[in-house]
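Thanks for coming. I have one structure to go through today, so please look at the screen.

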Amino acid sequence: MASAASGGDDVGAEPGTPREKLRVQTGILCLLVLSIQLLPPLPFYFKLVGSMAAGMMIAAATCAVSIAICWVVGTRRSHLGVLDAGGGGPALIGTVLILVIIHGVVADQMERLDAGRFVASLIPLVFLLAAGLSVSTALRTATAAQIATLSWVSFWVMCAIIAFRLTGLQHGKATFPFTETSHFALALGPVFLYRCATARNQLRKDFWLFLGFAFAIGLKSATFVVVVMLAAFICRRLLIILLVGVAVLAVGLTVELKYFTSRADISNSSRNLSALVYLEGWELLDHSLVQTDGWGVGFQQLGVRGSQVTAAEEIAKLTGGGELNLEDGSFVMAKLGSEFGVAGLILVLAFSVLAFRSALRLRSGRGPPVLNFARSIVVGYGVDMFVRGTGYFTESTLLFVGALLVLAPAGGLLKIARGPRMQHLMAFR
């Protein structure tokens, strides 16, 4: 597992050092990241399950087991103790679980929880955290060349998916293996941001931005338009992208423009489901905060008992009584705030600060590749947080947890479980 104790700029491992021997091979690293991006939506795509949680657990288990095997072999070669390699991970997982359970117990006093759903959801939470810790270990020991290879491999695989989509073999919203194009955009976003941020010169940065804009139009993905706008901010070309948008309006791409502008009407009078789902997220957030006096309804309890918010009623009318995104809130901030109340909103604020600082670091063009890759993941997760998210147990969140631990400051929570005295005390040496 990873250590959150040695983050910041102290990333990577010098050649010949014990920690360098913990490095994961490039091929394995690429396969693990691709499994995170592509496995979570797969069972959901084939309608074997009702969410990405099952696929996320498969991807998480694949990552955790693979990294654990590499880690055991590496510690034997490097003569590191178990806790030197990051054995404080269980402490972090245990702390998160305890806090979530305590919050749920209090929330249950206000309104009866669905205990079965609450307890069952703790299982994928453990998988998510364990895999995030494992991914951070793999990333932290990666070289600049490995990160470059990883980003290119991931990008070209995503391009292959785009090409398959544009052939017309798929219809509707699906973009194999994603059930919606917006989900694909969330998976591609961090890699695209990294390629934009690390382009060698401004001309190449502009090329990436125009390519991203073409992707968004071709896929008819409003979500990816937001990703391109983030990339434009990082590349110091936000004004150019805005001008391109005006030019596209002038040309008059009728079908595409109608598709995008219909999503701009965020009101209960809208007839566009995506716009109504987004509005529903805000209404659910407000309703939950008022209903629980700011405490939140509890982990994985959003939408369990339905909702009386206006947007949900409009959605039901358009879908013939169906419910959309009640349980995931349509974006992560709505779900966090609804389920954890003020505490959840504080987490959102902390994320916003981290994402903004990460964007500024990427904008400066400086920093080790490992950190810049992690920063691209964090900035990309802003789309999940504020625009279009599908809950906690997704490929985006798994990558985000890993990136968060890569960027964690030196010291921190897991340092308590390190050091020679603790090693001897726990008989790990």
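This is a predicted model: local features need pLDDT of at least 70, side-chain atom pairs count only at pLDDT 80 or more; totals for chains, interfaces and linings use all residues.

Residues are numbered from 1 along each chain as its sequence is written, and side-chain values use heavy atoms, with hydrogens and water left out.

Cysteines, then. The structure holds zero disulfides, a disulfide being a pair of cysteine sulfur atoms within 2.5 Å. For Cys235, the nearest cysteine sulfur belongs to Cys196 and is 4.7 Å away, and Cys235 is in no disulfide. Cys235 is buried, at 1% relative accessibility. Here buried means under 20% relative accessible area, exposed over 50%, and partly exposed in between, with a 1.4 Å probe and protein chains only. Cys63 is buried too, at 0%.

Now the surface. Phe46, Leu48, Val49, Phe164 and Phe176 form a nonpolar patch with about 470 Å² of accessible area together. Areas come from the Shrake-Rupley method with a 1.4 Å probe, and for residues only the protein chains shown count as cover. Patch residues have over 30% relative accessible area and no salt bridge; nonpolar side chains (Val, Leu, Ile, Met, Phe, Trp, Tyr) are joined within 5 Å, like charges within 9 Å. A salt bridge is a side-chain nitrogen of Lys or Arg within 4 Å of a carboxyl oxygen of Asp or Glu. Helices are DSSP runs (H or I, at least four residues), numbered from the N terminus.

Next, α7, residues 181-197. Its 17 residues reach 24 Å from first C-alpha to last, close to the 24 Å expected at 1.5 Å a residue; the expected span is 1.5 Å times one less than the number of residues. Where does α7 kink? At Leu188, by about 40°, shortly before Pro190. That bend is the angle between axes fitted to the seven residues ending there and the seven starting there. Of the 17 residues in α7, 17 are buried.

In α9 (residues 222-234) we find Ala231, which is buried at 0%. Ala231 and Lys205 are 26 residues apart in sequence and 9.1 Å apart in space, C-alpha to C-alpha.

Last, α12, residues 273-291: 19 residues reaching 26 Å, close to the expected 27 Å. Its buried residues include Leu276, Glu280, Glu283 and Ser288. Just after α12, Asp293 takes a positive phi of about 55°.

Notes:
Helices (H or I, at least four residues) and strands (E, at least two) are DSSP runs, numbered from the N terminus.
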